[in-house]
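Please look over the model shown below. The report that follows takes up a few of its local features in turn.

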Amino acid sequence: MLFTRDLNRLRTEVELYKEEENLWKVEGAIANSAGNLCLHLVGNLNTYIGKEIGKTGYVRHRELEFSLKDISREELLSQIDNTIEVVNKSLDSLDESNLANEYPILVFDKKTSTEYFLVHLATHLTYHLGQVNYHRRLLDN
């Protein structure tokens with residue numbers, strides 16, 4: 001599954017930082033740290049897949065995804081691992097025939113299908129994954 005693949009890639013990126021504190025580094029025009037991007041991705045997927053599709057009851061605190069600092073690498077990795085489990089369990093419970101159904105909440109300016117929104121979530125994940133990769137190569141030297 002693409003979500004598992006790319007969440008594992010996020011996990012690898014977090015592991016590859018030579019200095020744990022560099023996960024939280026911002027510099028110049030780089031406004032979001034890798035740590036905050038990681039928290040944002042975890043919050044995003046737990047909300048839109050876990051809560052809405054898997055009915056997990058997850059409560060998102062989006063503002064904390066960007067304001068929290070200095071969460072340990074171990075905790076970030078644990079949150080990624082938990083998100084992989086939630087995403088897999090939630091999507092395993094989704095019947096393929098439901099993909100054409102309307103996604104349960106309005107996220108954009110108009111309603112979308114569940115399938116469309118899952119594609120959006122996958123591309124959102126890879127967009128920020130690329131930012132984390134670039135952040136690591138620029139600021140973890």
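Does Tyr 48 count as buried or exposed? At 16% relative accessibility, Tyr 48 counts as buried, because the cut-off for that class is under 20%. The model is a predicted one, and every value in this report is computed from it.

## Aromatic pairs

There are four aromatic pairs in the model. In one of them, the ring centres of Tyr 48 and Phe 117 are 5.3 Å apart and the ring planes stand at 80°, so this pair is edge-to-face; the angle for that class has to be over 60 degrees. The pair links distant parts of the chain, with Tyr 48 in helix H2 (residues 34–51) and Phe 117 in helix H5 (residues 114–139), 69 residues apart. Phe 117 has a relative accessibility of 1% and therefore counts as buried.

Phe 117 also pairs with Tyr 103: the ring centres are 4.3 Å apart and the planes are at 35°, so the pair is tilted. This pair, too, links distant parts of the chain, since Tyr 103 belongs to the loop between H4 and H5 and Phe 117 to helix H5, 14 residues apart. Both Tyr 103 and Phe 117 are buried. Ring pairs join Tyr 48, Tyr 103, Phe 108, Tyr 116 and Phe 117 into a cluster.

## Packing of H1 and H4

How do two packed helices get described? The angle between their axes and the distance between the axes are used for this. For helix H1 (residues 2–16) and helix H4 (residues 73–92), the axes come within 10 Å and cross at roughly 175°. H1 is therefore roughly antiparallel to H4, a class that requires an angle over 145 degrees.

On the H1 side, the contact is made by Phe 3, Thr 4, Leu 7, Asn 8, Leu 10, Arg 11, Val 14, Glu 15 and Leu 16. On the H4 side, the contributing residues are Arg 73, Leu 76, Leu 77, Ile 80, Asp 81, Thr 83, Ile 84, Val 87, Asn 88 and Leu 91. Sorted by class, the contact of H1 with H4 has 11 nonpolar, four polar and four charged residues.

Asn 8 lies in helix H1 and, at 33% relative accessibility, counts as partly exposed.

Asn 36 is found in helix H2. With a relative accessible area of 1%, Asn 36 is buried. Which side chain does Asn 36 join through a polar contact of 2.6 Å? The partner is Lys 69. Leaving aside neighbours within four places in sequence, Asn 36 is in contact with Trp 24, Glu 65, Phe 66, Ser 67, Leu 68 and Lys 69.

Asn 44 is also placed in helix H2 and counts as buried at 6% relative accessibility. With neighbours within four places in sequence left aside, the contacts of Asn 44 are Arg 60, Glu 65, Leu 121 and His 124.

## Loop residues

Leu 99 has its place in the loop between H4 and H5. Beyond neighbours within four places in sequence, Leu 99 is in contact with Leu 94, Ser 113, Thr 114, Glu 115 and Leu 118. From Leu 99 to Gly 35 the separation is 64 residues in sequence and 32 Å in space, C-alpha to C-alpha.

Most residues other than glycine have a negative phi. Lys 55, in the loop between H2 and helix H3 (62–67), has a positive phi near 55°. At 62% relative accessibility, Lys 55 counts as exposed. Asp 70, in the loop between H3 and H4, has a positive phi near 60°. Asp 70 is exposed, with a relative accessible area of 61%; the cut-off for exposed is over 50%.

Note on methods
Residues numbered from 1 in each chain as written. Predicted model: local features only at pLDDT ≥ 70, side-chain atom pairs only at ≥ 80, totals over all residues. Heavy atoms only, no water. Axes fitted to C-alpha atoms, helices over the stretch in contact; angles between N-to-C directions. Helix = DSSP H or I, 4+ residues; strand = E, 2+ residues; numbered from the N terminus. Parallel < 35°, antiparallel > 145°, perpendicular 65-115°, else oblique. Contact = heavy atoms within 4.5 Å. Nonpolar A, V, L, I, M, F, W, Y, C, P; charged D, E, K, R; others polar. Phe/Tyr/Trp six-rings, centres within 6.5 Å; stacked < 30°, edge-to-face > 60°. Buried < 20%, exposed > 50% of the residue type's maximum accessible area, 1.4 Å probe, protein only. Polar contact = N/O pair within 3.5 Å; in protein donor to acceptor, adjacent residues only side chain to side chain.
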